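Me: Please take a close look at the helix packing in this structure, starting from the pocket. I am new to it and would welcome one connected account.

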Amino acid sequence: MDSLSLLGITVGILALLGGNWLEGGQLDLLLNAPALVIVFGGTIGAVMLQTPLRIFLLAMSSLRHVFMPPRFPLGDRIKRTVDWAQLARHEGLLGLEKILGKERDAFIRKGLQLVVDGNEPDDIRPTLELELDSNEHRRLQAARVFESMGGYSPTIGIIGAVMGLIHVMQNLADPALLGSGIATAFVSTIYGVGLANLLLLPAANKIKSYVLEESQYREMVIEGLAAISEGENPRMIEIRLRGFLH
């Protein structure tokens, strides 16, 4: 679990509730089911309309990374790459074939296969970089789904506020119904702005940071495999790849 994400959203919510309490407000005044339906439903509906299905599904699956971040162990990957370089140095590139079935990462397995097949570095790099760029583009699109939601939710909140005011205007003759309409009007705005700035936009930026971290990890893999195919000294490969740690 990402403790910083949990701490951040907890601090944000407590700050709002604490400020409301210091102002003498009551918690139940911030709980409004119609406003919740308008903001959440409207925001999700708008982003579903603008987003292709495959990107929307990828975005939903990426949301878990905000609280359960993916791991990209650069140090461990450097060590394994150096081990592969030593193996190739002693047994030739075909010696790497024995580790193909043990590698779980499809991207790395593809790169190893290119090396084992005897492809030149000038062929290996563009082939893997094309897949890297495609993956990065697709995942950044998924992160932008939450950016879009962060843009829509305040506007949907304003729509909810206007709907609440319309409800108020229709019931001016009945003071008992004025309270619920006014509550919906103002609480919808709070929900829209709060959802955007406390969850959606920060989540989008955090997902982007992990996408870029994954791309850096794959760039290191490409650099290591290309160096192995060139027959470089394992020690030199290690020194070069450690530059990614900084």
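Reply: On a 1 Å grid over the protein atoms alone, a pocket is an open set of points where a 1.4 Å probe fits, with protein on both sides within 12 Å along at least five of seven lines, and its lining residues have an atom within 4 Å of a point. Grid points are joined across faces, edges and corners, and the volume is the space filled by probe spheres set on the points. This is a predicted model, in which local features need pLDDT of at least 70 and side-chain atom pairs count only at pLDDT 80 or more, while totals for chains, interfaces and linings use all residues. Residues are numbered from 1 along each chain as its sequence is written, and side-chain values use heavy atoms, with hydrogens and water left out.

The largest pocket holds about 510 Å³ of space. Its lining comprises 16 residues, and those nearest the centre are Ile-13, Leu-16, Tyr-191, Gly-194 and Leu-198. Two or more lining residues come from each of helix H1 (3-22), helix H2 (33-50) and helix H7 (178-229); helices are DSSP runs (H or I, at least four residues), numbered from the N terminus. H7 contributes the most, six residues. The lining has 14 nonpolar, two polar and no charged residues, where Ala, Val, Leu, Ile, Met, Phe, Trp, Tyr, Cys and Pro count as nonpolar, Asp, Glu, Lys and Arg as charged, and the others, Gly among them, as polar.

H2 also packs against helix H6 (residues 121-170), at an angle of about 135° and with the axes 8 Å apart. Axes are lines fitted to C-alpha atoms, for helices over the stretch in contact, and angles run from 0 to 180 degrees between N-to-C directions. H2 and H6 are therefore oblique to each other; angles under 35 degrees count as roughly parallel, over 145 as roughly antiparallel, 65 to 115 as roughly perpendicular and the rest as oblique. Their crossing is right-handed, that is, the near helix is turned clockwise from the far one by less than a right angle. In contact (heavy atoms within 4.5 Å), H2 residues including Gly-42 and Val-47 meet H6 residues including Tyr-152 and Gly-160. This contact involves 10 nonpolar, seven polar and no charged residues.

H6 packs with helix H5 (residues 106-116) as well, at about 165° with axes 10 Å apart, and the two are therefore roughly antiparallel. The crossing of H5 and H6 is right-handed. Phe-107, Lys-110, Gly-111, Leu-114 and Val-115 of H5 meet Ile-124, Thr-127, Leu-128, Glu-131 and Leu-132 of H6, giving six nonpolar, two polar and two charged residues.
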